[in-house]
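Colleague: Can you take me through this one? Start with whatever I need for the surface numbers.

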Amino acid sequence: MPDEQREGLQEELIDIILQVLLGNPQLHYYQGYHDIVVTFLLVVGEKLATALVEKLSTHHLRYERGFSSSV
């Protein structure tokens with residue numbers, strides 16, 4: 001993968017993670033979260049990945065990964 005393409009994907013990855021986590025203060029970053037996000041990014045693109053990751057994070061991952069609403 002060319003450096004420019006890789007750097008562009010990294011920026012999109014960071015944008016998605018920040019948008020989801022800042023928009024949902026009950027969520028927290030954990031090791032490996034970026035692996036989940038980048039998979040969606042590569043398969044469906046930034047816009048749809050953001051929506052899917054937010055839904056997944058708020059309805060499924062928060063409990064399976066030990067997220068707590070009391071934090």
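Modeller: Accessible areas come from the Shrake-Rupley method with a 1.4 Å probe, and for residues only the protein chains shown count as cover. By that method the protein chain exposes about 4900 Å², with carbon and sulfur atoms supplying 55% of it.

Colleague: What are the ground rules?

Modeller: This is a predicted model, where local features need pLDDT of at least 70, side-chain atom pairs count only at pLDDT 80 or more, and totals for chains, interfaces and linings use all residues. Residues are numbered from 1 along each chain as its sequence is written, and side-chain values use heavy atoms, leaving out hydrogens and water.

Colleague: How many helices and strands in the protein chain?

Modeller: Three helices and zero strands, in the order α-α-α along the sequence. Helices (H or I, at least four residues) and strands (E, at least two) are DSSP runs, numbered from the N terminus.

Colleague: Which residues form the nonpolar patch on the surface?

Modeller: L42, V43, V44, L48 and L52, with about 440 Å² of accessible area together.

Colleague: Which helix gives the most to the nonpolar patch?

Modeller: α2, with three residues. Both α2 (33–44) and α3 (46–64) supply at least two.

Colleague: Why does L52 count as partly exposed?

Modeller: Because its relative accessibility is 33%; buried means under 20%, exposed over 50%, partly exposed in between (1.4 Å probe, protein chains only). L52 sits in helix α3.

Terms used. Patches are made of residues with over 30% relative accessible area and no salt bridge: like charges are joined within 9 Å, nonpolar side chains (Val, Leu, Ile, Met, Phe, Trp, Tyr) within 5 Å. A salt bridge is a side-chain nitrogen of Lys or Arg within 4 Å of a carboxyl oxygen of Asp or Glu.
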